Amino acid sequence: MTDIAPPTTAGTTQSPPQPDRRPSGGAGPDGPARSYAALAADESREDYSLRYAPHSFRRWSPGTVAGTALGGIAYLADFAIGASIVFTYGFTSGFASILTAATIIFVTGIPIARACAKYGLDMDLVTRGAGFGYFGSTLTSLIYASFTFIFFALEGSIMAQAMHQAIGLPVQLGYLLTTLIVIPIVFRGMGALAKVQAWTQPVWIIGMILPFLVLAFEAPDAWGSFSSFGGTEGAGAGFHWLGFGLGTGVALSLIAQIGEQADYLRFMPAKTEGNKRRWNLAVLAAGPGWVIIGAAKQLGGAFLAFVALEAVGKTHALEPIAPQIEALKPWLGGFALPAAAIFVIVSQVKINVTNAYSGSLSWSNFFSRVTHRHPGRVWYIFLNLAIALTLMEMNMFAALNKLLGFYSNVGIAWIAAVAADLVINKRIGLSPPYIEFKRAYLYAVNPAGFGSMVIASTVSILAFFGLFGDYAEAFSTFIAAGLAVTLCPLIAWATRGKYYLARPNPVNGPDVVVDDITATHTCAVCDTAYELPDIADCPAHAGPVCSLCCSLDATCGDVCRKAPAAGPVLMPLPTVPPAGSAAAAGGGSRLV
């Protein structure tokens, strides 16, 4: 049992330190404060990569956050994916596949987006508290990291193809250039990403609309011919269940995109009566809403590829640059090539800065738990990009359908399990009513979410490789989703929700009355102030400890979860900034 002072704001006059980790200095109860590497200590670049995003840092409006998040879905992989599905399975089956996958992604994305925005947490931290446990979510960090480098490689391949057509740059050199160009932007964090997305948005919008506008005037009958297209593989124009199932599996590979949206949504400001309508709309648009645009892009990409098929051939029709050029030629003539190239390059930069940024967050989460070290998010940019570059050099674009179809089995099992916990388990009381992400209060593994994901993905992968017949192979992603949604509440019920919390949270848990969650405690390990949701009571250090220092501690033996031997933890009163201060007003850290 712990003894902790209630988090009240009474009697406090001192302004807390800004929540930027110091590289050195200060002293905790056990000696000098933890010293972080310089890059890990700079939150203007680090962006609270492994922890709760404090209110003092969330200085953007709901519209700005939503606009930045939606800027990251400018990618043209949707064009290639949609064209590949329709070319392989025909228009009718492909159209049904794209709409079905979009519906599933939208429905599962709603609760995840709201949780990330409400609690200021990224996808990994939400996964921890939504049925997976502290180490259980380590595997999902790898799943998410693989999503970012697979799609970085796919987008980079498209960009390299554009540069090859525009200026004759060898594709292999194009791969390297597409990798290097994003590093300076991603290195600087959310502030730089927001500026890039805003500055490039007008160019992207014009480039996206113009080809369809040209075709509307120059080839008005093309859509009618497209709707009866039977594909290039002999599938036929009619509906086929096998083609529908396989196509849906490919489209569902994009389900983990909600994680990249969450990396922006965690910076959403607090929801208030004054901004409630704008907040809800922004979260819906920037969270699951991306897939509406995504599905339209898949169908639009398939349409452009169909129109260009006769002129450029099947192989080049699947590469977004060639259909763009063919669509623009009637109006732009010789300028169609540079115009299409500019659009493709801008689109790919917009998405690949997001892929690289999100990948760095995911690798940071993974290695901090495995190694108990955190050199800084920015170092993992290079790991993620090195893997993506290797995939590009291996020509992964040629195996698009098979690779994405396989990946979607794992991705949907993970996302469906998290969504089931948020929608079902929390509503019926099998799961705590809030998201607890701190190591101090979590079991290592929670079988409710983690177990359901492992079972669902294993069975669906076996089905994907044909073990249970043709129809099970085609509908393996439906098997993954169905098992995950069913097993998550069943396992939680069977275990009576035992593995969600190792002990109650006396700092800001649901049973604690908190007057102001922006109040801070100074971490006993790194000697820096953090807001209450980022703090745990720590018997090993006899005081408050921040979530990252808690994660990185390799010597504490998890004594906090071994009560009553751990003994009481006496906590000081939390400190709040006086009204009108920068932190109270949401000024927070400097963004560059």
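Helices are DSSP runs of H or I with at least four residues, numbered from the N terminus. Phe217 lies in one of these, helix H10. The model is predicted, so local features need pLDDT of at least 70 and side-chain atom pairs count only at pLDDT 80 or more, while totals for chains, interfaces and linings use all residues. Residues are numbered from 1 along each chain as its sequence is written, and side-chain values use heavy atoms, with hydrogens and water left out.

Buried means under 20% relative accessible area, exposed over 50%, and partly exposed in between (1.4 Å probe, protein chains only).

| Residue | Relative accessible area | Class |
|---|---|---|
| Leu180 | 45% | partly exposed |
| Phe217 | 59% | exposed |

**The surface patch**

Phe217 belongs to a nonpolar surface patch together with Ile205, Ile209, Leu213 and Trp331, and the patch has about 510 Å² of accessible area. Patch residues have over 30% relative accessible area and no salt bridge, and nonpolar side chains are joined within 5 Å. A salt bridge is a side-chain nitrogen of Lys or Arg within 4 Å of a carboxyl oxygen of Asp or Glu. Areas follow the Shrake-Rupley method with a 1.4 Å probe. Helix H10 (residues 190-218) supplies the largest share of the patch, 4 residues.

**H8 and H18**

Leu180 is part of helix H8 (residues 171-180). H8 packs with helix H18 (residues 377-393) at about 160°, the axes being 10 Å apart. H8 is therefore roughly antiparallel to H18 (angle over 145 degrees). Axes are lines fitted to C-alpha atoms over the stretch in contact, and angles run from 0 to 180 degrees between N-to-C directions.

Technical notes
Helix = DSSP H or I, 4+ residues; strand = E, 2+ residues; numbered from the N terminus. Patch = residues over 30% accessible without salt bridge, like charges linked within 9 Å, V, L, I, M, F, W, Y side chains within 5 Å. Parallel < 35°, antiparallel > 145°, perpendicular 65-115°, else oblique.
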